[in-house]
Amino acid sequence: MFVLQTKLRMKINSTHVLYFTLSAFLDTGMLSYFFFTIILSLYVLIISSNVLLTVVICVNRTLHEPMFLFLCSLFVNELYGSLGLFPFLLVQILSDVHIIFAPLCLLQIFILYTYGSVEFTNLAVMSYDRYVAICCPLQYNSLMTSRRIAILISIIWLPPLFCVGFTVFLSSSLQFCGNVINKVYCDNHSIIKLACNDPTANNIYELIMAFFTVCVPVSVIVYTYMRILQVCFSGSKQTRQKAVSTCTPHLASIINFSFGVSFEILQSRFNMNTAPGLLRTIFPLYYLTCQPLFNPVLYGLNMSKIRSMCKKLVLRKI
């Protein structure tokens, strides 16, 4: 009888969960202004570098090639993902009470999850583009037509938006018996664990979504690079040099992002309470803060066409 009353009381209270508390923020005292300055500087750097490269690609018709258009989509996604983290983070750093209203929490989940899904899909499409360029160079122009590029960019964005949108809808329909999230930002798995009712359907759908938005793109990346390696080992020295020059930044981006996402999945699925508090706070932010800065620096420095166009644009302004 007591258990039934407790469950009933928790269910009644669940209707009043208007906000979530982000409990992973540390009490830094006056150092909070120092961290605020660092995060703000990082955000400004991310915005300026990604906007610069996006403008360079859009303005220069010589860069309207498939590879650069997919890169432009990647840079737009970095700006989109940063928008889902940094403004929220900057507000929370200077706040005494680390709360986020439920609709904003769900909005943050939507943005961050679509960012991750689009990132993997974008990297998969870029690996397909490299596969066609290296393995089928004579058919590249006939295969990578404007129509196909438009279809591939639609595939990059539309399925993740739909899949994540339905995930957030399912989560918003849950009744919550708690409001404490042990992170510095909202994530879907954390709020599912706060549900009063059985979240099995949510967990199953989240796994299905992860399969289509993560496993399928990763499979494409693995397959295309296996074929590229085959061609490199059996091809000429010129083919190997072309593969190395165009694939190195792409591979570095994939490894960097996969490392960050893998750590985030491990932390959300397993108990990490024994890890130091600072590590539990910083490491989940790795793939959300480093990737948006890593990509523009990596591609801007390594791709000669982008580098030369950036120099021209900067010198023209001076």
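Modeller: A pocket is an open set of grid points with protein on both sides within 12 Å along at least five of seven lines, and a volume is the space filled by probe spheres set on the points. The model we are discussing is a predicted one.

Colleague: What volume does the second largest pocket have?

Modeller: Taking the space filled by probe spheres set on the points as the volume, the second largest pocket comes to about 510 Å³.

Which of its 23 lining residues are the closest to the centre of the second largest pocket? The lining is made up of 23 residues, and the closest to the centre are Y113, A210, V214, V261 and I265.

Colleague: Which helix supplies the largest share of the lining of the second largest pocket?

Modeller: Three helices, α5 (102-135), α9 and α10 (237-269), each supply at least two residues of that lining. By class, the lining residues divide into 14 nonpolar, five polar and four charged. The largest share, seven residues, comes from α9.

Colleague: Are α7 and α9 roughly parallel or roughly antiparallel?

Modeller: Helix α7 (residues 146-172) and helix α9 (residues 200-234) pack with their axes 10 Å apart, at an angle of about 170 degrees. Because angles over 145 degrees count as roughly antiparallel, α7 is, relative to α9, roughly antiparallel.

Colleague: How many charged residues does the contact of α7 with α9 have?

Modeller: On the α7 side are P160, F162, C163, V164, F166, T167, L170 and S171, which meet N202, Y205, M209 and T213 in α9. Sorted by class, the residues of this contact are eight nonpolar and four polar, and the number of charged ones is none.

Colleague: Is the crossing of α3 and α5 left-handed or right-handed?

Modeller: Helix α3 (residues 66-83) packs against α5 at an angle of about 165 degrees, with the axes 9 Å apart. These two helices are therefore roughly antiparallel to each other, and their crossing is left-handed.

Colleague: How many nonpolar residues does the contact of α3 with α7 have?

Modeller: The axes of α3 and α7 lie 10 Å apart at an angle of about 20 degrees, and the two helices are therefore roughly parallel to each other. In this contact P66, L69, F70, S73, V76, N77 and Y80 of α3 meet I149, L152, I153, I156, W157 and L161 of α7. Two residues of the contact are polar and no residues are charged, while the nonpolar residues number eleven.

Conventions
Residues are numbered from 1 along each chain as its sequence is written. This is a predicted model: local features need pLDDT of at least 70, side-chain atom pairs count only at pLDDT 80 or more; totals for chains, interfaces and linings use all residues. Side-chain values use heavy atoms; hydrogens and water are left out. Axes are lines fitted to C-alpha atoms, for helices over the stretch in contact, and angles run from 0 to 180 degrees between N-to-C directions. Helices (H or I, at least four residues) and strands (E, at least two) are DSSP runs, numbered from the N terminus. Angles under 35 degrees count as roughly parallel, over 145 as roughly antiparallel, 65 to 115 as roughly perpendicular and the rest as oblique. Contact means heavy atoms within 4.5 Å. Ala, Val, Leu, Ile, Met, Phe, Trp, Tyr, Cys and Pro count as nonpolar, Asp, Glu, Lys and Arg as charged, and the others, Gly among them, as polar. On a 1 Å grid over the protein atoms alone, a cavity is a set of points where a 1.4 Å probe fits but cannot get out, and a pocket is an open set with protein on both sides within 12 Å along at least five of seven lines; lining residues have an atom within 4 Å of a point. A crossing is left-handed if the near helix is turned anticlockwise from the far one by less than a right angle, and right-handed if clockwise.
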